[in-house]
Amino acid sequence: METKFTKKQLFLRAEKRVKDIKGFYVHLTIYCIIIPIIIYANLTFEPHFHWFWFSVYGWGSGLLIHWLSVFGFKLLGIGKDWEEKKIKKYMEEQNRNH
């Protein structure tokens, strides 16, 4: 059950991966630019109530989810090819036991 990919398919997969990584870094850059502006505006115009934390945590959690979708799930062991690897592992175990 081995999958073979053409050069075009490999190129398209690699191109998508690069776009996903680039999208995450754009997201991170915008976060790093806008959050300090929000903090500055909050502390300048309404320093007695720190509402900027809603933006920091809300947007930050979205950024964390974006990071997980681009990099993290693989690190946690549940990437896209997780099921295929588990199936191969269990098939090998069954072959050894018979």
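A salt bridge is taken here as a side-chain nitrogen of Lys or Arg lying within 4 Å of a carboxyl oxygen of Asp or Glu. By this rule, the predicted model contains one salt bridge. The pair consists of D20 and K16, whose closest N and O atoms are 2.8 Å apart. Side chains of opposite charge can pair when their charged atoms come close. Both residues belong to helix α1, where four residues, or about one turn of the helix, separate them. An α-helix has 3.6 residues a turn, so residues three or four places apart point the same way.

The chain as a whole holds three helices and zero strands, arranged along the sequence in the pattern α-α-α. Of its 98 residues, 11% are buried. The accessible surface amounts to about 8,500 Å², and carbon and sulfur atoms contribute 67% of this area. Among contacts with a separation of 6 or more, 60% join residues 24 or more positions apart.

Helix α1 spans residues 7-45. Its 39 residues extend 57 Å from the first C-alpha to the last, close to the 57 Å expected at 1.5 Å a residue. The buried residues of this helix include F24, Y31, I35, I38 and N42. A nonpolar surface patch of about 410 Å² is formed by V26, I30, I33, I34 and I37. Of these, I33 lies in helix α1 and is partly exposed, with a relative accessible area of 49%.

Aromatic side chains form seven pairs in the structure. In one of them, the ring centres of F52 and W53 are 4.7 Å apart and the planes meet at 35°, so the pair is tilted. F52 is buried, at 7% relative accessibility, whereas W53 is partly exposed, at 39%. W53 also pairs with Y57 in a stacked arrangement, with 5.5 Å from centre to centre and 20° between the planes. W53 and Y57 both lie in helix α2, which covers residues 52-75, and are four residues apart, about one turn of the helix. Y57 is exposed, with a relative accessible area of 58%. Elsewhere, ring pairs connect F24, Y25 and F71 into a cluster; F24 is also one of the buried residues of α1.

Notes:
Residues are numbered from 1 along each chain as its sequence is written. This is a predicted model: local features need pLDDT of at least 70, side-chain atom pairs count only at pLDDT 80 or more; totals for chains, interfaces and linings use all residues. Side-chain values use heavy atoms; hydrogens and water are left out. Helices (H or I, at least four residues) and strands (E, at least two) are DSSP runs, numbered from the N terminus. Buried means under 20% relative accessible area, exposed over 50%, partly exposed in between (1.4 Å probe, protein chains only). Contact means heavy atoms within 4.5 Å. Accessible areas come from the Shrake-Rupley method with a 1.4 Å probe; for residues, only the protein chains shown count as cover. Patches are made of residues with over 30% relative accessible area and no salt bridge: like charges are joined within 9 Å, nonpolar side chains (Val, Leu, Ile, Met, Phe, Trp, Tyr) within 5 Å. The expected span of a helix is 1.5 Å times one less than its number of residues. Rings of Phe, Tyr and Trp (its six-membered ring) pair if their centres lie within 6.5 Å; planes under 30 degrees apart count as stacked, over 60 as edge-to-face and the rest as tilted.
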